[in-house]
Amino acid sequence: MSVAEFVIADAPAVDRSSPLRWIASHVARHGWIVVMLLVGAFGNAALAALVPVYIGQAFNLILGGGAVLGALLQLALLIMGSQVLRGALQLGRNFGAELIGQRLERDIRAELYVSLLGKSMTFHHLQPVGDTMARATNDVREVNLMFNPGLNLVIGSANFLIMPILVAPSFHPALMLTPSLFLVAYGLALWQYLTELRPVTEAQRSAFGEMNAHLAEAVDGIEVVKGAAQEDEEVSRFTANARTFREAFVRQGRVEARFMPLLLLGLATAGAFLHAILLFRQGAIDLGQVVAYVGLINLFGFPTFVSLFAYSQVSLGMASARRILDLINRHTELDQNPSGHAGPMRGEIEFHGVSYSYPGRVRVLEDISFRVAPGQTVAIVGQTGAGKTTLGRLVNRTYDVERGSLRVDGLDVRQWRLGALREQISIIEQDVFLFSRSIADNIAFGRPGASRADIEAAARAAQAHEFILAFHDGYDTLVGERGVTLSGGQRQRLALARAFLTDPRILILDDSTSSIDSATEDQIQQAIFRAARGRTTLIITHRLSQIRWADTIVVLRRGRLAAVGSHDELMRSAPAYRRIFEQYESR
Amino acid sequence: MGFFTGLDAESYDRTYRDRDLVARMWTYFRPHARRLTVISLMILVMSAAGALTPILVARVIDGMSRQGSTEGGLSLAAALFGLGFLVWAANWVRRTVSARAVGDVMLDLRRDAFAAAAGHDLAFFGEHASGRIVSRITSDTSEFAQVVVLVTDLISQFLEAAVIFAVLASIEPRLLPWLIGFLPITFLVAMSFRRLARRVTRAGFRAMANVNALIKEAVTGINVAKNFRQERAIHAEFTQVNRQSYRINLRRGFVLAMVFPVLNALGGVGTAMLVYVGGLNAVQGLITIGAWYLFISSLDFFWFPVLNLSAFWSQVQGGLSAAERVFALIDAESQVVQVSQRPVPRLEGRVTFDRLQFHYLPTEPVLEDLSLEIAAGEDVALVGHTGAGKSTIAKLICRFYEYQGGRLLVDGQDLRTFDLRAYRRQLGIVPQVPFLFSGTALDNIRYARPEATDEEIESLARRIGEGEWLETLPQGLMTEVGERGAQLSMGQRQLVSLMRVLVQHPSIFILDEATASVDPFTEYQIQQALRLILEESTSILIAHRLSTVKAADRIIVLRQGKIIEQGNHTSLMSQGGHYAELYDTYFRHQSLEYVERARTAVAR
């Protein structure tokens, strides 16, 4: 059974079987807010409909003659009071929608965050950071906007649409005709409009993206463009892209111009007026009711103009919800094996016919076999794409081997308890990641609460002490966006310091830094050598000097083991390896 | 631009007088004068039709109120149908035509802006962030063109209001003050909401940016967190920031949720007032029932323009500043100026610096009286500390920058007299960070010589390490390299850029050697490619690798813009001067001796 690597105890239960149910189960936790939203929406529309009714009564009052001032004042005060109350109800609607939106944004973000923490490293290595970020930021935001303004306006305008139908019969039952017809026609026209608009908008957006991306590339590579005298070609390429965008823009303009609900609104106004006059002539309604009815039809103005935007906001929000849920629901099987072996590790590693391929892609590693004795240092070399990095990641089960077996201390890695395995294996990646906190906190990341003396000792061993002291705040210097920027070599040495502090039995070091100067190179060599001493170490390296002092060298070529042995053995048996050293001697 | 003014300013920005700015904007719209006329006509039609509706209705109600006659009622209903259709049709024409006009103006302006930018020299691009240049070309141009839509929208609303106003004034001036007096209040309320909204919105965005930054850190650093089992700690931190963002954004939401309820309540008060005051006048027979109706129903016609006006200025100002930014980009002056456009024959590649003077900033001279003669076919390595002037020499040969004194000759001819692009076609340039465009490796290789055949490229590729590097590309030369070459490794990108130059057969080869480390197998292939180029061109190498330095015919040692030593590796080493010092600083660890003795040295 697969268990998420991180869970929190008090997580609320939600239904993740479909995006709609998922959103609904989140909303269900805020029942009273939904009531507030619905009551507010209905009350807002009803009170808005009261205004024309009161105005009609005022007309009748004046036409009736007599002493009316008191009654007129009363009507005016009723209008004023009802509209202030309407304001309060509308605020209830708006704020209710806002409250749901904000709470869902908060809760969904937290849910996604926890789920990301719980996913296996395999998942995180295969899932592009940019994509995850887009879902955790933009998409979560879109779900919020789906409620306010999206659903807020949809529900609000729906109440405005039905209100004339509800109120009109109080004047005359036949007067329901025009608003009912409008409602049907409006629904059809809007649906047709949105269907037509969607692909056009999409086309415009992608045309803009294309134009922008190509332009950004040309500007970034301007030195190459100029060096190759390709300015005119780039300008005409850009112009072609800009023209494509122009076409898409005009097409969207055409669709938007033909906005049928606007025509329907005009027709409804005229139709309502005609109908009212006919009834007036028959004496079925009085003038005040004519005025009230015409005013009532004006309520359609709001749904006509806002719904456009509101509906697309809702559909964007649902699409975002689907993307987020998709990420949360993605399974990342990795057996944690909680009852597995958990003893201290000696550090022996054996590969037996190991193969691995990323899901849906070609094989990265094929039939790899070699053995590393405890405490040995192994250099792994090969061209880009040869599978060096993947090889390292199999050892701590960032990925699980596909065929063959990988043993640590004679035990298949899957028989180890995952936590125990990883605690005793440290991987230092090519791009060393540092958190935006102090240097000391970064070094002590794996051992929170380590004393300052221990931290400094680790930094000394990693040859980092000197450059750390060179910063104004020393060990308290902040790293990252709000602090100092560190070079690749410096980051690497901080990662080594981290490793000194946690003292793993196996160290896997993906080293692709380069030193501009020889003094730094001396320090890095020292740091890595010390880190390798007393533990099993796999170094994925470009450095010939490291290759030279490794006990064993593993040469990979296109995912296969091309050669394995000591330097002297490889100089005899591997021509590609020999060539590298020979070119030095030829000078 | 209000509050944000100055935040995105660039040194080439200039302030145009409003009159000049509008005149220049007009040059872009003038070709569409006929379209603009149509748009204006349609706006007039819409405004007239929009204003006419309540006026007509009021007149009929007047008739009905007097003797209950519905005279003209039916023809009025017919007229209303007509007006409804007219408004829609006019809107259709107006939107369609303005989409075309706006689209064309955007296209013209974008083309002009990029063509101008592409003509600027590298000093310009070095000084200004590329993202900002791009946004001027794509986003500011769009904002500029949209100004026209904005202006016409507002004009149409004001015209409607003006028509109604004129009618009301002619029927019954007495009620006008009640209607007008109410508007400034609305305007002030709308304005203060805008100000408040801006403040809470800024706070809300900041809080959200914090959450996003934290998520980004967690996602990118998740391996570290998992390696050290620190999930719980970073989750606690996240929860706190997430809750904080919720609180702050809820406050913002509350302010925004208040806007329309308050304005609507205000509108209700206005309506109530007009009902009462108008009714009072109607009872006394001072105004007709129709006029009363018209007053009540015209509130909206004044209402919307006033609300929009509170947002309008900042938007128009935004459009004008966008125009200013685009024109500043177009007008930025280039420093590199050619005195003539002499055609360039096949060059031999002899380069002469004659007492050359150059500086980026007048106070900090980079090269002073530099004299240097590079023979045709010679391979020269430039070495020195950062800032010694190595890259400057290379960039001056490319004529990316203008020099201030002395002469720079190629094949004995002044560089300033060449047809620049014909000259650059004979240069092969590899920048320190190799740059690839999205497309295939093959597209990139023939970038500088589009007519090169597949066969020619294929056979050149095979000459590098027996073509072994091709096997690391999933689809060989047809491999998509991704945006900026991101799908390829550093070493592969270097090889592709070297291939680009190999295919070009340049007279002069300029290499700013990469400092990034590459696996030893790829490194071997890069050396082979390099040697192929060195054989056939004059080469100027900004060397970072010991092997490159040793491969050069002559090493030129620079210090603070001056040549202080020259010679080959062995002779310079035996001199024990600056080169020997540079060797100890930068090259020592690349030597075979260092590699060989690493085993014993580190164990010390």
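## Chain B overall and a sheet in chain A

Of the 604 residues in chain B, 42% are buried, a residue being called buried if 20 or more other C-beta atoms, placed from the backbone, lie within 10 Å of its own. This is a predicted model, in which local features need pLDDT of at least 70 and side-chain atom pairs count only at pLDDT 80 or more, while totals for chains, interfaces and linings use all residues. Residues are numbered from 1 along each chain as its sequence is written, and chains are lettered from A and ligands numbered from 1 in the order in which they are written.

Chain B has 19 helices and 10 strands, which are DSSP runs numbered from the N terminus (helices H or I, at least four residues; strands E, at least two). Its radius of gyration, taken over C-alpha atoms, is 36 Å, whereas a compact globule of 604 residues would have one near 25 Å, by the rule of 2.2 Å times the number of residues to the power 0.38.

In chain A, an open sheet of 6 strands with mixed pairing runs in the order β6-β7-β8-β3-β9-β10, where two strands pair if DSSP finds at least two bridges between them. Its edge strands, each pairing on one side only, are these:

| Edge strand | Residues |
|---|---|
| β6 (chain A) | residues 425–428 |
| β10 (chain A) | residues 560–565 |

Within this sheet, β7 (residues 506–511) and β8 (residues 536–541) of chain A pair in the parallel sense over 6 bridges, and Asp511(A) has Thr541(A) in β8(A) as its bridge partner.

How values were computed. Buried ≥ 20, exposed ≤ 12 C-beta atoms within 10 Å, placed from the backbone.
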